[in-house]
Amino acid sequence: MMRFIPDLPDGLEGLLELALDVRWSWSHSSDRIWKAIDPVLWQKTQNAWFLLARSSPSRLRQLAQERSFLQAVAEELVLREAYEKRPGWYAKHAGPEPIQSVAYFSMEFGLTEALPIYSGGLGMLAGDFLKAASDFQLPVCGIGLFYQQGYFRQTLSEDGQQLAQFPFNDPSQLPVLPICNQSGEWLDIKMGFLGRTLHLRPWKVRVGRVWLYLLDSNDPLNHPADRAITSELYGGSTELRLQQEIVLGIGGYRLLETMAQIPEIVHLNEGHAAFAVLERCRCWMMRNQEKDFSLALLAQRPGIMFTTHTPVASGFDRFDQALMTRYFSSYVEELGISMETLMALGRLDASSSQEPLNMAYLAMRGSMWTNAVSRLHATVSRGIFAPLFPRWPLAELPILSITNGVHMPSWDSALADDLWTQACGKDRWLGTGEQLSQAMAALPSETLWAFRTASRKKLVDTVHDRLTDGAGFAVPYGMTPEQAGLAFHADVLTIGFARRFTAYKRPALLLHDQERLAALLRHAQRPVQLVVAGKAHPQDSQGASVIQDWARFCHRQDIQGRAVYLADYDMLLASDLVQGVDVWLNTPLRPWEACGTSGMKVLVNGGINLSVLDGWWDEAYEEGVGFAVASSGDDAQDATAIYRILEQEIVPAFYERDQAGIPQRFVGLMRRSMAELTPRMHAGRMLRDYVTGMYEQAKQAISQRDAQQAHALQEKLHLLQARFPGIRCEAMTWQEKEDGWHASCHIYLGDVAPDWIAVELYADAIHDESPFLARLDHAGPLPGSCNAFFYELTVRKDRPINDYTLRIVPALPGIHVPQECNLILWQR
C-alpha cells in the first residue's frame, strides 16, 4: 500500500512515530514540538500528522539543525517510552489470570478532530474509553468504520440557515495506517454480500498503548454501490444503515479473526454492532466443528456485553424482514438457522412476521451483561427492556448502571493541566484518584479565581479570533465581526450552551422569554455573555429552525453583542468552550438524556453546571457543587426556573466580591465542583467500573463455557424449560412467632431436580430501599409424595405478610437468570 510518508532528515525520524500516535491529542508535553514546526497550522488543525506531512523539506532540514528542537523531540520520545513501560492501573490490579483482550465495537469514535469519524456523545464516549484504556493498560482494541466523509460540517447563511458540507476524509492527511499481512500486502477482508463479494480495507490508529481498527468499503474491486457503504456517518437510507452495521459487526469481527486477535470479551457500544454476536458464534462453530447455533450462543454469550445509550425505545434501529432476508438469506445458512430464527432474536414476539428485527433486542439476547450509562438511565432502560422479561420485577432486570466518564487529560486546558499538576502531580489521572479531592479543596481562592479569569480570557480571545476568521457565526446586525468580538469581555460572566440541536435536548428553552434573556445579557452593572453552538441533523428541519431562531436572537442590536452563535460545533470548538466558560447550561427533557457528558468536561476546567436533573447530573448534583433545575416537563416552568437561578443565584455569586476582588461564593462552587465531581466523572473511574463490574465476571464466566460444558448446560436447560411448568406450590401458611413471621409451603417439583430451582419470598421496595428478596430453606421431603418438599423461612415483622409473595425461579448451576432462562412462577 503506497502512502505519503514525509522524508525526514537525520535526527527527526522519531517525529514519524510521535505523529502517528494520537496520544498527542491528550499529552500536552508534545505541544511544544508541533507549535515549533508550524504554530498557525497546529492551532487550526490540532493534527500532528497533517502538520508533519505538510511541512516542506527545507523547513524540516532547518529544524534538524536546531539543537533545542532536536532535544525536545528526544525528550518527548523518552517520555513516550516511559509511558508505554509504566505499569498502568490494570496491570497492578489484575490477578494471576488477567483479562487477555477486549474488542470494543462502536459506530463512531471521537478521538481527535484530526480524525473526524464521530457525530456526538456516543463517539466522544468511545474515544475517551480507548484513551483511558491506554492510560490504565487495559488490553482493549476498538472496532469502527472509516467514513469517507464522516459527519457533516456546518456553516450558516446570512439569515441563520444551517448549511451542510461534507469534506472528504483524505487518508494521507489523517493519522491512520493500512493493516498489512506479513508480506506487506494490504489485508482484504471479504464478505458475501448480495450474491457478490464485498472487499473491506482495514486501517489502524495508534491510541497510546491500544489500537483502533477501522474498515472502509471504498475498494476499487467493489461494486460502485458497495464502495459508498462507508461514505458517511448517519446519512442515507435505512438500507445504508443496515449495510454499515453488517460491516461493523460481521466485518469487524472477521477482521479480528483474520489477524488472529480473537477477543476474550466483546463489548458492544450500542446495538449498532449486534451482528458481531452472529459472527462470533459462526467462528466458534467452525473452530469447534459444531453445527448448532443455539449451542454456540450459549457458549459465547458469557463473553459478550452490551452498553445501551438510548433512553427511548423508538431510538433503536429496526430492520424489516424483507430487507433482512435480502442481506442475510445466505448468511443464515452458514449459521445453520432459518431466517425466522434470526428474526426471532430481535423480536419481542417471535411469531410475528410483521415485527422488524430490533438491534437492541438482538444485542440484549446475545449478551450476558448489559449496562446503562447513568443510574437514572438504568431505571429507564429496565422499563424499556421489561417486555423481554415478562413477570419479572423491574428492579431485577439484568441492567447494571455504569455512569459514563470523560477523559480529563483530553478536555483540560493547558492552564487547568498546570493547576492540577501543581496540586496533585503529573500522574493524577492514572490511578484511583483517592487523594485528588483533598488536594484540590486546599487550593487558595486567589489561585482558583486567577485560573478561572485566565481561562475565560482565553475563550474570549478565541471567540474574537473565530469571528474575525470568517467562520460561520451570528452577530448583531450593524456590527462587524471585529466589533462583535470586542463586545465580549474577559471580566463578564460567560455561559456556554452547545449541543446537538434535537427536540429532547430543548435547545430553544432559553429563548422562551427572549426579553428576559436580553435584559439579563445587557444588564449595566452585572452583564452576562452567551456563546451558543450546535448542529441539527441535516434531515431535522425542526432542529435547523431552532438554530435559525438563535441566529435571529444573536442578530438583535439591543443585546449589544452579548450573545454569539458559532457554527461548526466540533471537538476543537467544544474544547474551547468547556475550557473557558464559567457556567455550562444543559436543558434536556427528563429522562431523555441517558448520561450527557458535555457538562462533565467543564469540571476539570473550573466551570459550573446549571442543568436539568437528568443523566449524570441527577446523581452528581448536591447543593454547593452547581445548580439544578427540577424538571417539571413544562417548557415555560423550566425556562422560568433557569432565568430565576441565573438572576438570583449565579449572577450575584459571580459579581459579589470581597475586598480582594474575589467572588468567594462562586469560587466556593468552583472548588467543590472541581474537588468532588472531577474524580468521580473521570473516564478512569468508568473504566474501573467496567473491569470490576463486568469484565472480570465475563472472563470467569466464559472460562466455564467450553464446548463440552456448553453441551452439558444446554441439555439441562432444555430439560428445565420443558419440566418447569409442572412445578406447583401448595399449603402456603404464615405463623406469627416471637422472632418474626414464619412462612412455610409445600413445593411439588414434578421431574425437576431440587437444586435446579429456588423458592423465594419477594416484596416490592419501599422508602427508596431495595426490594426484599430471600430464599426459603429446604426443610425436608413431604411424606407420601414424590419429589415434593417443605420450604420455610422466618422474616421480620416490620412489614405486613400481604407485602410478601412466594415465587419459584430457576437456579440451575452455571446458568445466568433471567438472561438465559427467564422462567418464573408466582404464587397465585
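Trainee: Which residue caps the N-terminal end of α16?
Mentor: N358 does. One of its side-chain oxygens lies 2.8 Å from the backbone nitrogen of A360.

Trainee: How are things numbered, and where does the model come from?
Mentor: Residues count from 1 along each chain as its sequence is written, and side-chain values use heavy atoms, without hydrogens and water. The model is predicted: local features need pLDDT of at least 70 and side-chain atom pairs 80 or more, while totals for chains, interfaces and linings use all residues.

Trainee: Back to α16. How many of its residues are buried?
Mentor: Seven of the eight, in a helix covering residues 359-366. Buried means under 20% relative accessible area, with a 1.4 Å probe and protein chains only. Among them are M359, Y361 and L362.

Trainee: And what share of the chain is buried?
Mentor: 58% of the 828 residues.

Trainee: New topic. How many helices and strands are there?
Mentor: 30 helices and 29 strands. These are DSSP runs: helices are H or I, at least four residues, and strands are E, at least two.

Trainee: Why call the chain as compact as a globular protein of that length?
Mentor: Its radius of gyration is 29 Å, close to the 28 Å from the globule rule, so the description holds. The radius is taken over C-alpha atoms, and the rule is 2.2 Å times the number of residues to the power 0.38.

Trainee: What does the C-alpha trace span?
Mentor: About 95 × 70 × 50 Å along its principal axes.

Terms used
Buried < 20%, exposed > 50% of the residue type's maximum accessible area, 1.4 Å probe, protein only. Polar contact = N/O pair within 3.5 Å; in protein donor to acceptor, adjacent residues only side chain to side chain.
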